Each structure stands twice: as C-alpha cells, then as structure tokens.
Amino acid sequence: MKNNQRIIIVGGGSAGWMSAAALSNAFGNTKQITLIESEAIGTVGVGEATIPAVKSFNKLLGIDEAEFLKTTQGTFKLGIQFENWGALGDVYMHPFGLVGKDSWMANFQHFWLKAHRLGMAKKYFDYSLNIRACNENKCMIDPNTGLDYAYHFDAGLYARYLRTYSEARGVKRIEGMVEHVQTCSEDGFIQSLTLKSGDIIEGDIFVDCSGFRALLIEQTLHTGFEDWSHWLPCDRALAVQTESVGEPVPYTRSTAHKIGWQWRIPLQHRVGNGLVYCSRYISDEDAKKLLVENLQGTMRTEPRLIKFRTGRAIKQWNKNCISIGLSSGFLEPLESTSLHLIQTGIVRLIRMFPGDTINQTEIDEYNRHSKYEYERIRDFIILHYHVTQRNDSAFWNYCRTMSIPETLERKINVYKNTTSVFKEQDELFHEGSWQQVMLGQGISPAGYHPVVDKLSDDELQRLMNSIENEHSQYLARFPSHQQFIDHYCKAGVPD
Ligand SMILES: Cc1cc2nc3c(=O)[nH]c(=O)nc-3n(C[C@H](O)[C@H](O)[C@H](O)COP(=O)(O)OP(=O)(O)OC[C@H]3O[C@@H](n4cnc5c(N)ncnc54)[C@H](O)[C@@H]3O)c2cc1C
C-alpha cells in the first residue's frame with residue numbers, strides 16, 4: 001500500500017463529521033477513512049449559528065440546501081443583533097451582505113456620512129437590506145437582491161446528517177474510546193490508537209477532532225497552546241434549549257450582561273440559548289440564575305456547563321496529526337466563526353494533502369495560514385468587548401481598559417482617522433463588517449473621503465433614495481421568514 005492512505009479521525013462532533021464528509025467527498029475510495037467516536041464521552045452539543053461561507057462548504061459537498069435545512073430543523077440567519085454592547089440600551093446589527101453600495105474608491109459609509117451630516121440620510125443601518133428584512137421578519141433566497149444569508153441548525157442533527165453522508169461514501173465508523181496512543185520512538189509520529197475494547201487502529205494521517213480534550217495534538221504530541229484569555233476573558237458557558245414562543249426570527253441575538261453575554265438561536269422546532277461568562281466575575285450558580293431569568297419559553301433541557309479557554313494550538317498541524325475543531329483552538333462563539341474555522345481547516349488540509357511523504361514545508365505553510373486566520377478573527381471578536389462605553393461592572397471595566405493586540409489597535413486608529421478599514425489579504429471579515437461593529441459600538445467616524453464631494457448634493461440625495469427604494473421594492477415581495485421556511489424547507493416533527 002502507498003503511504004498516507006489511511007486517515008483516522010478521532011471524534012464524531014461537528015468537526016469530525018465535517019472532516020469525514022469533506023475528505024470522503026474529495027478522495028472517494030482512494031483513501032481509507034475511519035472515524036472513531038465515543039458515545040460515552042459525547043459531543044459539546046452546541047455550535048448552531050453559522051456565517052454565509054457555510055453555503056460554499058455545502059456546495060462543495062453537493063448538499064441539497066432545502067433537504068439539508070429540513071433534516072437539521074434549520075432556519076435562516078441574516079445577521080447578528082447586538083444588544084447592550086456599546087452602551088446599556090444600545091441595539092445594533094451586524095448584518096451579512098453590504099450596507100448601501102460601495103464604490104471602489106471609498107465605501108458606502110463615506111457617502112452616507114456626508115448625506116447624514118446634511119440631513120439627507122436616515123440611519124446608516126437603514127441602508128442594509130439584510131437589516132430591513134430582519135426588522136420586518138422576512139426572508140427569501142434571491143441572489144439578484146444582494147440579500148446574503150447563513151443558517152441556524154441543530155448541532156446534533158447536523159452531525160447525524162453528515163454521518164449519513166460520509167458513511168454512504170465509504171467512511172468507516174467505530175464506536176469506542178481511545179485509551180492509548182502509540183507514537184514512533186524515532187520521529188514521534190503517531191502510529192496507532194488502542195481502544196478500550198483492546199482493538200488497535202493503525203493509520204498514516206490522524207485528524208484530531210476530539211474537542212477540548214485535544215487528545216492527539218496536545219495530550220499526545222504536547223504541541224503547546226497560545227492562551228488568549230487576557231483578551232477574551234470569558235471561560236464558561238451554560239447552554240439550554242427552550243420551546244419556541246413565536247415564529248423564528250432570521251437572526252441570532254446576542255445580549256450583553258454585566259459578566260458576559262447571552263445568545264438566542266431560533267430553530268424550527270426549538271430555540272438554542274446560552275450564557276457565555278467570565279468565572280472571575282460570577283459564580284456558576286449565579287450565572288445559571290441570570291440565564292434562566294432571561295429566557296423566553298419553557299426550558300426543554302437543564303442548563304449544561306461548558307468550560308473553555310480561548311486561544312489556539314501553537315501548531316495546528318504537528319507531525320502526522322492535524323487538529324480540526326475545538327482541539328485546534330477556540331475563540332468566542334460571538335461571531336459564529338468556529339464551524340467556519342473547521343471548514344477552512346479541512347479545505348486547507350485537502351489542498352495540502354501529502355503525497356508519499358509529509359514535508360515540513362507543507363506543515364509550516366498550513367500552520368502559517370491557520371495562525372493568520374485565527375489572529376484576524378480573534379481581533380474582530382476582541383473589538384466587540386473593547387470598544388464599549390460600559391462602566392457598570394468590573395468585567396466591562398476590564399475589557400474597556402485592557403491592552404489589545406497591536407494589529408487591532410492599528411485598525412481602530414485607522415478607522416478613527418479615516419472612516420475606512422483596509423482588509424488584509426484574505427482575512428475573513430470584510431471592511432463593511434469591521435465598520436459596522438465599530439460604528440455600532442460607538443466609534444464616531446471622523447470625516448468622509450474627498451471623492452464624495454464629486455457628487456452634488458442632489459446626486460447624493462438620489463443615491464440614498466435609490467438604495468432605499470430598491471430595498472423597499474424587494475421587501476414588498478419577500479414573504480415572512482416563517483412563510484419562506486414553510487414553502488422551502490419545512491421540517492417534520494423531530495424524533
Ligand atoms: C458555548 C459554545 C457555543 C458555540 N457556539 C457556536 C456557534 O454558534 N457557531 C459556531 O460556528 N460554533 C460554535 N461553537 C463551536 C462549535 O460548537 C464547535 O466548533 C463544534 O461543535 C465542533 O466541536 P468538535 O467536534 O471539535 O468537538 P466535540 O463536539 O466536543 O466532539 C468531540 C468528539 O471527540 C470524541 N472523543 C473525545 N475523546 C475521545 C476518546 N478518547 N475516544 C473516542 N472519542 C473521543 C467525542 O466523543 C466527540 O465525538 C460553540 C462552542 C461553545 C463552547
């Protein structure tokens with residue numbers, strides 16, 4: 001047998017099954033793919049909100065969107081609503097898609113700023129079709145309108161769906177607990193895994209999807225972890241499911257509290273909720289009370305405690321082990337980026353998949369890209385905590401006054417001085433996202449770009465009106481979110 005033919009995936013959460021699905025799709029039966037998971041350990045069971053790039057992952061797998069949403073009790077997500085972040089009582093939305101219309105010289109915020117100062121424009125966020133659709137609880141898929149979307153879905157059903165997909169493409173699943181990992185005494189590469197049953201599973205490439213345990217990348221290879229908890233101090237979450245109290249809204253809600261924040265993710269059959277908090281500032285018992293007090297709808301489950309540490313594995317690929325998912329690091333769930341990082345990790349792995357030998361140059365390149373990607377998303381998330389006027393608790397005082405990465409400091413300063421953000425290479429969040437959060441959290445833009453003055457006041461007014469009218473016309477024919485789900489992807493009653 002040639003080298004690097006046997007791929008062993010440890011873990012059957014979203015990371016494990018997303019990896020199995022993509023690898024089996026890419027390599028067909030030219031590789032032997034085995035996934036080991038332990039029901040006794042279980043999965044983290046959260047991770048239900050996504051960003052638009054998930055659509056390209058599904059496309060790559062050839063997944064039918066409507067069938068996928070039906071099977072996972074999915075709903076549409078057009079953005080995230082942030083409440084009480086910039087200041088108590090503030091509400092803003094980070095929508096997908098564009099706000100207004102950008103020009104290649106300066107983006108829409110510049111045009112809006114002048115128009116607003118002249119009293120000719122509404123609020124900035126009124127020029128986002130996504131936000132207006134959220135406000136009217138409407139949704140439709142029509143690429144011509146510019147409405148961009150992602151999904152909310154049930155994490156358990158998602159893993160099950162991808163399991164069926166992967167097994168149909170030859171992935172072998174083993175139910176069992178890995179108890180020992182054997183490495184080669186010469187080069188330290190992983191050789192085999194011993195299960196509790198005594199079975200020994202040999203492999204060439206090991207994909208560590210074992211969640212926070214990081215069984216291979218850390219417990220076995222001692223790769224090292226870069227801790228970012230001084231910038232992202234939340235370290236616990238309590239997750240709970242509730243009954244729906246009304247039709248699902250097409251957005252995730254993120255409400256800041258004195259010690260962290262609470263999410264609400266509406267699915268077709270229930271709502272996912274959770275409180276993310278910093279254990280330095282509140283006990284688990286008080287956090288539970290806070291969560292329960294702020295729920296809508298009857299609880300279907302007991303709140304479940306999840307402990308975590310923000311940061312990343314220093315090398316996400318080490319020797320013949322690639323860590324994907326929570327084993328490779330964790331940022332906040334605030335911008336729903338973890339499933340996305342799984343997706344990009346797998347795609348990167350497939351593109352750099354070793355031939356006969358594993359080259360260190362390949363490994364280094366993989367790690368360089370992963371580090372860059374993680375750090376840019378990290379900065380974006382820190383932005384939400386740091387740019388705040390909140391001074392009503394020790395938690396917010398810490399976040400507001402903490403030192404931040406130099407890369408983020410620079411971005412904020414550039415925005416403060418120029419009203420622009422310049423996207424670096426292939427970082428995930430585009431200029432618009434950065435600007436929306438900066439504006440939404442209270443940084444006032446300084447001034448507008450000189451090119452805006454090329455438009456007369458009348459032309460500027462026409463631009464504002466045309467965007468607004470175009471959106472109004474689209475919205476007039478959008479059905480409600482619920483009507484669209486009923487028509488397109490209505491799920492059955494769950495088991
Ligand atoms: C509070 C919270 C909220 C989140 N919200 C979002 C969100 O909204 N959007 C988003 O994109 N992401 C979110 N995430 C992240 C998301 O949940 C994870 O990225 C995703 O679920 C992948 O998890 P995983 O598969 O890496 O780990 P897990 O789900 O923990 O799976 C680990 C697997 O490894 C197996 N395993 C472990 N040890 C062994 C062993 N010794 N032998 C055999 N099997 C073993 C387990 O049985 C399990 O199958 C959130 C995370 C947290 C903590």
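Let's start with His-471, which sits in helix 14, residues 457–477. Helices here are DSSP runs of H or I with at least four residues, strands are runs of E with at least two, and both are numbered from the N terminus. This is a predicted model: local features need pLDDT of at least 70, side-chain atom pairs count only at pLDDT 80 or more, and totals for chains, interfaces and linings use all residues. Residues are numbered from 1 along each chain as its sequence is written.

Is His-471 buried or exposed? Buried, because it has 22 C-beta neighbours inside 10 Å. The cut-off for buried is 20 or more other C-beta atoms within 10 Å, with C-beta atoms placed from the backbone; exposed is 12 or fewer, and partly exposed lies in between.

Which residues does His-471 touch, leaving aside neighbours within four places in sequence? Leu-129 and Arg-132. Contact means C-beta atoms, placed from the backbone, within 7 Å. Tyr-127 is 344 residues away along the chain, yet its C-alpha lies 8.1 Å from that of His-471.

Now helix 4, residues 108–117. Of its 10 residues, 7 are buried. Among them are Phe-108, Phe-111 and Trp-112. The buried residues of helix 4 pack against helix 14 and helix 13, residues 431–440. Just after helix 4, Gly-119 has a positive phi of about 75°.

Pairing takes at least two DSSP bridges between strands. Strand 9, residues 190–195, is joined to strand 10 by 3 bridges. In one of these strands, strand 10, Ile-201 is the bridge partner of Leu-193.

Note on methods:
Two residues are in contact if their C-beta atoms, placed from the backbone, lie within 7 Å.
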